[in-house]
Amino acid sequence: MSDLPNPLRHGLRIGRTPEPCTVVIFGASGDLTSRKLVPALYNLARERRLPGGFSVVGFARRPWDDAQFRQVLLDGVNANSRSGAVETELWASFAEGIHYQPGSFDDPSAYARLAERLAELDQRRGTGGNRVFYLATPPEAYPDIIRQLGAHGLNQSPHGGWTRIIIEKPFGRDLASAQALNQQVLAVFEEPQVYRIDHYLGKETVQNIMVFRFANGIFEPLWDRRSVDHVQITVAENLGVEDRGGYYDHSGALRDMIQNHLMQLLALVAMEPPVSYDADAVRDEKVKVLRAIRRIRPEEVATYTVRGQYDAGSLSGRPLPGYRDERGVDPASQTETYIGLKLFVENWRWAGVPFYLRSGKALPRRVSEIAIQFKTVPTMLFAETPMHDIEPNVLAIKLQPDEGITLKFGSKVPGQPQIRPVTMDFRYGTSFGVASPEAYERLLLDCMLGDSTLFTRRDEVEASWSLITPIHQGWLASPAQPFPNYEAGSWGPTSADEFMARDGRTWRRL
Ligand SMILES: NC(=O)c1ccc[n+]([C@@H]2O[C@H](COP(=O)([O-])OP(=O)(O)OC[C@H]3O[C@@H](n4cnc5c(N)ncnc54)[C@H](OP(=O)(O)O)[C@@H]3O)[C@@H](O)[C@H]2O)c1
């Protein structure tokens, strides 16, 4: 055990470089690889965060060779990297480590060839048997790949190196399938080798929730049922389903957004201070929050949830077809593209404080934020201003865009006997003047460093699904909604406003 003080041992984790290793990407010819993963790796290389000998092996069906694969990735980086066009010399040295292994996920001989290639890279590039397997594939492929990795001894490293596996979302589609997948994974890998990714946790602004709460003394004493009226968590998208209609129609907003991203945000906002900033201590506290959330029973869905599906409309001045007319979507689809949800965290800190979650597609703006609304003053001192004219204090943590934190409070209008809301603003861009790294940069680096703090543990995933699955069951059993029920480009169905109005509250206007 190191005798360094806690913040240095666990906390800042600045500037560490991983040991030499190979990242094997299953699904290497897909969208995620070109759009996110390889641009992230390239930017890590640009910032000198990757180890010498760092290598990538792409695995997919297309019969490419190394040169073709490198060209596809180069195009992907040029189109998607936050740092703009590729630096030629840097790319040349980065691309030397990139290889492609064609094969089908269910073909054992492809894994035998992969094992040979990895052994060869260990020798030639000094990667020491250290491997990350990244499952960037359709979720149906996960069990096959995991089984084959085990069957070919690729779940453990030769030469005393390490092996880790990153699993993309969706991790299951209900509690039973998530449990089954966990069993399949853990029959081959040990839990500390497993990195279930939720890219929201890699966002700087999301990591800052913990810093904001636990590195500052002033807010934490207010962070409970005595001072907080309610919390609103919003993730709004100003896009339809684009070309993912086929996938989305079997998923919906509850599974695609709430089960993972919004539940993780809720857990970070509501958790107790962990005993240290290490992976299990943080995840222990998050899972306690998830377990403390009162489960919505199937027969209660009408009280605690509201759902919607978008109709034709316009987004940013462009027409958008209705959800049911999107490619890959059932014309009679009952899949929700909007959800509002009320949850209660039943513990001493939060009893009685509602957490409202909402997420939807085809809304007017792309915006994610967490708003803590505080209780109003108990009595009004300023007789000229009626109580109902006073707006409550709100602390808004803006995750995207305009990343920052805003505190709203009442102020006297100069020269007039009136009180108006004003804000104190912190903006990342203004305060730090540097672009934040992409979530995937941080998460890939953390995995190579063996730090799973920002990845989801088995019990967290299952705790979250155990809340989500009964809601789905309730929806299946309840009469069909009059879908579609909101116009693309509006803020969701009117039933969502009525849902809040029943509690005497309103959704924040964003
Ligand atoms: N795209 C995103 O922005 C995004 C964001 C978050 C999470 N994800 C998750 O990431 C995963 C991948 O998404 P994606 O959008 O990249 O998918 P995608 O574009 O459909 O790519 C799928 C990849 O899997 C390969 N593949 C499929 N079946 C195969 C088989 N039997 N044998 C070998 N290779 C096979 C395909 O290779 P060939 O085409 O060469 O056969 C392709 O490389 C999904 O789980 C998704 O939910 C994606």
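This is a predicted model: local features need pLDDT of at least 70, side-chain atom pairs count only at pLDDT 80 or more; totals for chains, interfaces and linings use all residues.
Trainee: Where do I start with the ligand? Which residues come nearest to the ligand?

Mentor: Start with the residues around the ligand, which number 22. Ser29, Asp31, Arg35, Arg61 and Arg62 come nearest. Helix α2, residues 31-46, gives the most to this shell, with 3 residues.

Trainee: What lies 2.7 Å from an N or O atom in the side chain of Asp31?

Mentor: A nitrogen atom of the ligand does. Arg61 has a polar side-chain atom 2.6 Å from an oxygen atom of the ligand. Lys169 uses its backbone: a polar atom there is 2.9 Å from a ligand oxygen. As for cover, the ligand has 890 Å² of accessible area on its own, and the protein covers 79% of that.

Trainee: Lys169 again, then. Which residue does a cis peptide bond join to Lys169?

Mentor: First the general idea. Most peptide bonds are trans, and most residues other than glycine have a negative phi. Now the case here. The bond between Lys169 and Pro170 is cis, with omega about 0°. Pro170 sits in the loop between β5 (163-167) and α7 (175-186).

Trainee: What is omega for the peptide bond from Phe483 to Pro484?

Mentor: Omega is near -10° there, and that bond is cis. Pro484 belongs to the loop between α15 (458-477) and β18 (486-487).

Trainee: You mentioned phi. What is phi of Ser316 near?

Mentor: It is near 45°, a positive value in a residue other than glycine. Ser316 lies in the loop between β10 (313-315) and β11 (318-320). Its relative accessible area is 64%, so Ser316 is exposed. Asp402 also has a positive phi, near 50°. Its loop runs between β15 (394-400) and β16 (404-412).

Trainee: Sequence and space can tell separate stories. How many residues apart are Leu290 and Ser316 in sequence?

Mentor: They are 26 residues apart in sequence and 37 Å apart in space, C-alpha to C-alpha. Leu290 is in helix α11, residues 279-292. With a relative accessible area of 3%, Leu290 is buried.

Trainee: Now aromatic rings. How should I describe a pair?

Mentor: Two values describe a pair of aromatic rings: the distance of the centres and the angle of the planes. This structure has 24 aromatic pairs. Take Phe69 and Tyr100: their ring centres are 5.0 Å apart and their planes meet at 45°, so the pair is tilted. Phe69 is in helix α3 (residues 66-80) and Tyr100 in strand β3 (residues 98-102). The pair links distant parts of the chain, 31 residues apart. Both Phe69 and Tyr100 are buried.

Trainee: Which residues do ring pairs link into a cluster?

Mentor: Phe26, Phe59, Phe105, Tyr111 and Phe133. Rings can also have a charge over the face. Arg164 lies over Trp162, 3.8 Å from the ring centre. Lys203 lies over Tyr200, at 4.9 Å from the ring centre.

Trainee: On to cysteines. How many disulfides does the structure hold?

Mentor: It holds 0. Cys21 is in no disulfide, and its nearest cysteine sulfur, that of Cys447, is 8.5 Å away. Cys21 is buried, with a relative accessible area of 0%. Cys447 is buried too, also at 0%.

Trainee: Arginine next. Is Arg349 buried or exposed?

Mentor: Arg349 counts as buried, at 14% relative accessibility. It lies in the loop between β12 (338-344) and β13 (354-360). Its side chain makes a polar contact of 3.0 Å with the side chain of Glu220. A polar atom of that Arg349 side chain also lies 2.8 Å from the backbone oxygen of Trp223.

Trainee: Last, a whole helix. How many residues of helix α8 are buried?

Mentor: Helix α8, residues 204-214, has 8 of its 11 residues buried, so read it with the cut-off in mind: buried means under 20% relative accessible area. Among the buried residues are Thr205, Val206, Ile209, Phe212 and Arg213.

Key: Residues are numbered from 1 along each chain as its sequence is written. Side-chain values use heavy atoms; hydrogens and water are left out. A disulfide is a pair of cysteine sulfur atoms within 2.5 Å. Buried means under 20% relative accessible area, exposed over 50%, partly exposed in between (1.4 Å probe, protein chains only). Rings of Phe, Tyr and Trp (its six-membered ring) pair if their centres lie within 6.5 Å; planes under 30 degrees apart count as stacked, over 60 as edge-to-face and the rest as tilted. Helices (H or I, at least four residues) and strands (E, at least two) are DSSP runs, numbered from the N terminus. A charge sits over a ring if NZ of Lys or CZ of Arg is within 6 Å of the ring centre and within 35 degrees of the ring normal. A residue is near a molecule or strand if one of its heavy atoms lies within 4 Å of it. A polar contact is a pair of N or O atoms within 3.5 Å; within protein, one must be able to donate a hydrogen and the other to accept it, and residues adjacent in sequence count only if both atoms are side-chain atoms. Accessible areas come from the Shrake-Rupley method with a 1.4 Å probe; for residues, only the protein chains shown count as cover.
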